[in-house]
Each structure stands twice: as C-alpha cells, then as structure tokens.
Number of protein chains: 2
Amino acid sequence: MKRTSRDIRTANRYEVLRQIIAESPTSRQELAAATGLSLATVATLVGELLDLRMITEVGFEDSAGGRPRGLVAVDASGGALIGVDIAETYVHVELFDLALNVLARADEDMRPGESRPEQVVGHVAAAVGSVVAQAGVEAARVLGVGVSVPGQVDRDTGVAQYAPNWDWHDVPLLGLLAEHIAHPLYLDNPLRACTVAELWCGAARGRGDAVVVNLGTGVGAGLALGGGLHRGVSNSAGEWGHTTLVLDGRLCHCGNHGCVETYVGAPGIMRNLRELDPHSALLHPGDQTATIDALARAVAQDDPVALKVVRDTARYLGAGISDLINLLNPEVVVLSSWVASRLGEPLLGEVRRAVARHALGRPLAATEIVLSPIPTDPVSLGAATFALEGALQFVGQRTSAKRTTAPARSRTAPPS
Amino acid sequence: MKRTSRDIRTANRYEVLRQIIAESPTSRQELAAATGLSLATVATLVGELLDLRMITEVGFEDSAGGRPRGLVAVDASGGALIGVDIAETYVHVELFDLALNVLARADEDMRPGESRPEQVVGHVAAAVGSVVAQAGVEAARVLGVGVSVPGQVDRDTGVAQYAPNWDWHDVPLLGLLAEHIAHPLYLDNPLRACTVAELWCGAARGRGDAVVVNLGTGVGAGLALGGGLHRGVSNSAGEWGHTTLVLDGRLCHCGNHGCVETYVGAPGIMRNLRELDPHSALLHPGDQTATIDALARAVAQDDPVALKVVRDTARYLGAGISDLINLLNPEVVVLSSWVASRLGEPLLGEVRRAVARHALGRPLAATEIVLSPIPTDPVSLGAATFALEGALQFVGQRTSAKRTTAPARSRTAPPS
Ligand SMILES: [Zn+2]
Ligand SMILES: [Zn+2]
C-alpha cells in the first residue's frame, strides 16, 4: 500500500519505542543516531510515549562539554499485552509487560473434533482469562490482545477468511471473541506475527531489509522492508511456500506442481526422508513433529541417512533462499518456526553452503543468514506486538498538534 | 535501506511533483487527495517546488461554498533533463522538458570493437552535446544528466562495478564523463531506470506496489514498493532473472542451472524455438532482434510454430510472474523492455492465462498484468527521472526551516 504521512509517523513511533525497548535507558540523541530520524522528530515521538506512560524519564547523563542529556526507559509496568497463538491442535496465550517480558502463559489443547469457531473462541477466552488472573494485572492495564490464526485474514474487519486447518470460510473471529474479551482485539496470521516478532525483538530489529523464512508444516517468507512489514496490496504478501522451485515437480495442495513448500515444509522433509529410505526408523508416518525430532536427534549422532536428509532439504531450501536474496537483496535472512529451531545449527550450516553456491555474489556478500534468536514462541510474541502497534497507531491524531508546536516543553523533574 | 525522515520527505516531494506532471493544473486539495498526504504537507512541498520554479501558479478554481482554490501546473520550461541509455551496440540520448516531453534525441552507434570506457564516454559526450544544441536550451537550465549502463553500478561513487557486455570492472564512469559534461551526473542501470520510468510516467504511477518485469536479452524485476524503488541493502535488488524456475534446468551464464532468464530472455526464447523446430525459418542464429521480430510477425499471421513458442515462453514466464505475485502481492505487474513490446498483446494474453493457472487466488485477484504504456525508450526516460529526483533530493535542507514555520505565506498574484 502507499504510505501516507500518518503511516510514516506511526512507523517512526514504532521504531523509536523498539529502540527504547532494546536499550534502556537511552537518550534522545542516541535514539536519533540509532534510527536515522532527526532529533526534533525523536523529541516529539518521545514526548508522545511519555504522555502515554509507556516510557519514563529516569535521569540524566553527562555529555562531553554540553548540557546533561535526559534519559528515558521503557516503563515495563505501564501496560500489559496479550498474544494468542491459535494452531491446529492447541491455543497458546502469553501475557507480556511493555518490555516484552513474558509474565504469564496458558495453554489449551484442542481435540481433533473441536473445529467449530465457538469451540476455538471458548479456548481462547479461557486462556486469556487465565493469563490475566495469573499475572494479577488490572483489566484497564491490558492495552490489547493480538490473535494469530493460520490462513487468510482480513485484519480490518477481524474476519478469518480462510483457515485451511478447519475449512473455515469468512468466520468473524474478532466479533465472536469480543463477546468474551473486553480488551481491544487485533487479528493477523502466524507468518506476519513471526515477522513482526523479529522486527521488535529479533534478528530484524534495526535492519533495513529482512526476510523471515518460516519453516513449519507450511512455509512462508515474511518481508520486513524499510523497517516495516510489507503486506502487499491485499495483505497476502509472503506466500513464498507456493513459489515454483521445480517446474512440473511434486504436486502441492494448492494445486500447482513444484512449490517450495513440497520440498522444505515438514511433510516435504518427511518425503525427502522416505524417498531416501522408505523403511527408515526415523519416519513416524502421520506424525510430523515426531519425525522432525527423530531427525534432529539422529543428526546429533551423525546418522548418515539423517545427515543426507538435512543436506537434501538444505539444497532445496538454499535454492529458494537464494532466489529471495537475488530478488530482494536483504540485509538478513532469518530462519524461524519449529522446523528451523529443531533442526537448528546443522540445517543452518548446510543452508549457508547451498546459498553460497546458488546466490549472486553481490547480494550474497550483503546478506547474513541466521536462526531466529527469539527463545520463546515467536507467534504469541508477534501477536502481542500487533496489539502494541495497535495501541500506538492513533496516538498522533490526539497529540500531534500540541507536540509539533511544543516539542521541547519542560516536564516534571525526573528522579535522579 | 532504512528510511530516514529525509528519505521520506524526499519521497513525498517526488510523489507530489509526479502527480502535478500527471495532471496539470491541479489544486493542493486535489494533490492531498491523490497522494494521501496531509494538506499542510502538500502545501509545504508545493511551496518548495514553486521556489525551485519547477511549477507555477496558474489561477484559481471555485470550490463549492469555500474560498477559491489556487491552481498549480508544471512549468515545462523550468528546466531540462537528459537521459542517457548506454547499451551494447548504441548510445541513445534524449532531452526532456520538466513535463517529461522529449525535446530532442541523438543516437550514436558503437562498433563491435568499441568497448573501452573512453570510447563509450566519447559517444555519450557527443550525443549529449547534440541534444542540448538541437533543443537550444541554455546549459544553466539543464538540471542534470542521468546515465544508465548495464550491470552493477555504485550510484554513490558513480562507478560501473561490473558491465558484462564489455567485461568492465570498477570503471569510474561518472568521473570520466565529468571531464566532458558540466551538468550534474547520476548513474544507475537499465532495470532501475525502467522501473522509475513506470513510477513517474507509466503503469506504476500512483500504485502502491508494482513489479516491472524487464524482458530483454537479460531479465529482471524492478520493485516499486510503497511508491518508491526498492533497492535492497546494496542496491542490487531485482535480480529475478537469476532466480530458479527449474531446479537442475538449463545452464545459465551466472553459473547456476534453471534460472528464469534462460527460459524467457531473448536467447532463452530462441532456444525455446530451436527445441521446437531446429530448422525454423524464424530462427536467425546469433541475431536476437531479428529472431524476435520474425516471431512477432509470424504470430500476427497465426503461424503455429510461432504461436507455440509464445505459449511455451508464456508458460515459463507465467510460472515466474506467479511467484512474484504470490511473494509480493503487487497491485500491478508491468511487462517492459524490447522483447515485451515486440511480442506485445499475444504474449500478454498467454502470460495472463498462465498466471491465472499458477498464482494463488487472493493475490491474483488483487493484481493486474499490463504492457508498459510508455511509448518511447523507457531507459532514457528513467535515466532522466534519476536526474530529476537528484535535483529534488536536497531541496528540503535548504528550505525546510522556512517552510515549516510559514507554509501558507502569500505569493505574488498568479495570472488569472
Ligand atoms: Zn503450492
Ligand atoms: Zn542465472
């Protein structure tokens, strides 16, 4: 979408808070240097965040020869954020403080038969109630609840347009949730949640252009370009799993042949294993998690079949990631989601070697490939940051007139 | 790259001038509606462009019930821009007025042996001198000269880092040109020139996200995202020609197998023809232009072999373009450059059909595929717009302080 002045102002507000969360305490001067924004812009945005009580003034530092510089820090207790990760077999919910630390977790298992929207909504409402009670936060302090649901979503209307797990079509999920949850609600999908998680707390933070390659049952590439999530014109960018890697190759559930996902998604990796050794003891038919776990353990023991499967998978993945590098010239490529975290360093090493063989020299030299450094569930973290972004989105409308005329007005004396 | 406040201000300035060039005369209110910028921002940017004499006030229009609205229009004679298209066998130069109309053209042929930088520079200098003389513009009115050279360029230093046509490595092209040309010089490559040409005057103008698919001897995909050119972290984004379409497919000159370019670049199309009919009369070995022209003529006469070649090529192209649509979710895909313009509508029709079979429903529904509407050489036009963008880039530094404090100060009365 075209970026308007308001979009840009909002993106700058995210960028400044992101930097404060990453490094507190910090000064306006340091923030200007880290973000590339002017000191005047930073001062305005810091003023807005102070007014919202998301950050506080925490003292002064001496600057060589100049006036002491005011320091600000995130006010962790200034609000709580909830992230909801709805998956095929479970609902996982986490409650975060404003420094994005996890304060409480709740899990609800869903049995195979439970696929009606009301059932899923019931689990989400129960888990959200649980984390609020566990953390002991007042309802008024919850700034919002971000909800990630697989498939296609319309974030403006809160509708799950198509959820392949349960064959949902146009389910008004946020409307149903609003009957149980009084906080502001935000809807999106796991790919975009993982991508904003990397932007706020992971390997994409402070980077110009990043690609977050999500390796799970499905496969996608979240694009963080120019410091923000690239959504595309109808919020569906990132369908890398259904780009062609092998013309006329393996049949994909999307109806095409040779999609990236059929070679490097968990079922694709199982097929890579089966084609190599149809009777492998590593293969747990019908159980992706058990098979990937078995592969990971076997690789750690230098099992030759497991090593070959990882190498074969990395060969496909390396070709696909090279395409992303050649096309987008990103600063960093992040391998994320459960398949990447379980196969870990051995997969990363093979992928780096495969990419080095495939990618063009110039974009290759400018790119780093890393595993996601986020230690917890990136989907619930990302969903929570959608709620944080939502809370920040309309700030400018209320306060910008005052701020732009008096960006440097004095505040109450900070503690020192 | 991360966007700073200055980048954003510059992009907004481009956007406003682009809109004025597209539709003159126009009011600040119409500009705000068309660009999504606030009226205050538009007023500031219009003030800057008036100061630069790139636009003029041309009268007033009545607004229903309100004050008459001031109208502005591009001042075509306010400056001249020169675009230089350096290709393997020729140098083509055009001089434009500020409305981006061509005022003069000059061509220089280069013989096969002529590949030394001094020889190319000599041809460029001669052609630039010719267009200035033909158009009869004063040297002081030339705002800049944009130069497009194939391959990898460092636009900041003006160095042609690698030009495959002539095996140039790290040639300081702008430095050499500056010995002959006194105007400000800007360097980039044809892919990016074609993309900014679509942004300023073509199918990407006013669109959020656009992909410009360049079909020539080489193949690339220029990305116009969020209203601006996506360059990537080291200015090499767009190397779509070297993304894998057929794993282990045709050998490419980049060293990989199965690159898109080997199937849909002009030499790839010749190979598609040769594989179908090795002795076809349409085949002009060693002459890409003659072969593509013969194909285009034969298609117009419903020649079955030619129709099959176009269909085969469109099948590859459709798979590759579907990948771009799935990954980036653009509003428009533009087919540009000489192969696309010569094969024209028959190729476009087949590509649309192939994409409809391949792409995912949601991004497909949001995308339009069109031929470039630019009737002249898009490379020299795009190179000229680089010069225009260069002239606009540092405006804010000089005038922003004055403007932001007095965006609405009165001007000399416009003619009415
Ligand atoms: Zn698919
Ligand atoms: Zn190649």
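Where pLDDT is low, the predicted coordinates should not be read in detail. The structure is a predicted model, with an ipTM of 0.88 and a pTM of 0.89. The points below cover confidence, the zinc sites, the sheets and some backbone details.

**Confidence in chain A**

- The mean pLDDT of chain A is 90, and 93% of the residues score at least 70.

**Zinc ion (ligand 1), chain A**

- The zinc ion (ligand 1) is held by H242(A) through ND1 and by C252(A), C254(A) and C259(A) through SG, at 2.0 to 2.4 Å.
- The four donor atoms make angles of 103 to 123 degrees, and the site is tetrahedral.
- Ideal angles for four tetrahedral donors are 109.5 degrees.
- Along the chain, the donors of the zinc ion (ligand 1) have the spacing H-x9-C-x1-C-x4-C.
- H242(A) and C259(A) are 17 residues apart, and each is placed in the loop between β14 and α7 (261–264) of chain A.
- H242(A) counts as buried because its relative accessibility is 8%, and the cut-off for buried is under 20%.
- C259(A) is also buried, with a relative accessible area of 0%.

**Zinc ion (ligand 2), chain B**

- The protein donors here are ND1 of H242(B) and the SG atoms of C252(B), C254(B) and C259(B), lying 2.0 to 2.3 Å from the zinc ion (ligand 2).
- The arrangement is tetrahedral because the four donor atoms subtend angles of 101 to 123 degrees.
- H242(B) and C254(B) both lie in the loop between β14 (228–229) and α7 (261–264) of chain B, so the pair ties together parts that are twelve residues apart in sequence.
- The donor residues of the zinc ion (ligand 2) are spaced H-x9-C-x1-C-x4-C in sequence.
- H242(B) is buried at 8% relative accessibility, whereas C254(B) is partly exposed at 27%.

**The sheet of chain A and its helices**

- An open sheet of five strands runs in the order β14-β13-β12-β15-β16 in chain A, with mixed pairing.
- The edge strands are β14 (228–229) and β16 (368–371) of chain A, and each pairs on one side only.
- Strands of a sheet pair through backbone hydrogen bonds, either parallel or antiparallel.
- β13 (residues 219–225) and β14 of chain A pair in the antiparallel sense, over two bridges.
- A224(A) has L229(A), in β14(A), as its bridge partner.
- Helix α10 (residues 304–328) of chain A lies across β12 (210–215), β13, β15 (332–336) and β16, at about 155 degrees to β12(A).
- Helix α11 (residues 338–358) of chain A lies across β12, β15 and β16, at about 160 degrees to β16(A).

**The sheet of chain B and its helix**

- Chain B has an open sheet of five strands in the order β14-β13-β12-β15-β16, and the pairing is mixed.
- β14 and β16 (368–371) of chain B stand at the edges with a single partner strand each, so one side of each is left without a neighbour in the sheet.
- β15 (residues 332–336) and β16 of chain B run parallel and are joined by four bridges.
- The bridge partner of V332(B) in β16(B) is E368(B).
- Helix α11 (residues 338–358) of chain B packs on the sheet and touches β12 (210–215), β15 and β16, with its direction at about 160 degrees to that of β16(B).

**Backbone details**

- Most residues other than glycine have a negative phi, and most peptide bonds are trans.
- In chain A, the peptide bond between S24(A) and P25(A) is cis, with omega about -5 degrees.
- P25(A) is placed in the loop between α1 (5–22) and β1 (26–27) of chain A.
- In chain B, S24(B) and P25(B) are joined by a cis peptide bond with omega about -5 degrees.
- P25(B) is in the loop between α1 (5–22) and β1 (26–27) of chain B.
- D170(A) is not a glycine, yet has a positive phi of about 50 degrees.
- D170(A) belongs to strand β10 (residues 168–171) of chain A and is exposed at 53% relative accessibility.
- D170(B) has a positive phi near 50 degrees, lies in strand β10 (residues 168–171) of chain B and is exposed, with a relative accessible area of 53%.

Conventions: Residues numbered from 1 in each chain as written. Chains lettered and ligands numbered in written order. Predicted model: local features only at pLDDT ≥ 70, side-chain atom pairs only at ≥ 80, totals over all residues. Heavy atoms only, no water. Pairing = 2+ DSSP bridges. Contact = heavy atoms within 4.5 Å. Axes fitted to C-alpha atoms, helices over the stretch in contact; angles between N-to-C directions. Donors = N, O, S within 2.8 Å, 3.2 Å for Na, K, Ca; no water. Tetrahedral: all angles 85-135°; square planar, octahedral: opposite > 155°, others 65-115°. Buried < 20%, exposed > 50% of the residue type's maximum accessible area, 1.4 Å probe, protein only. pLDDT = per-residue confidence, 0-100.
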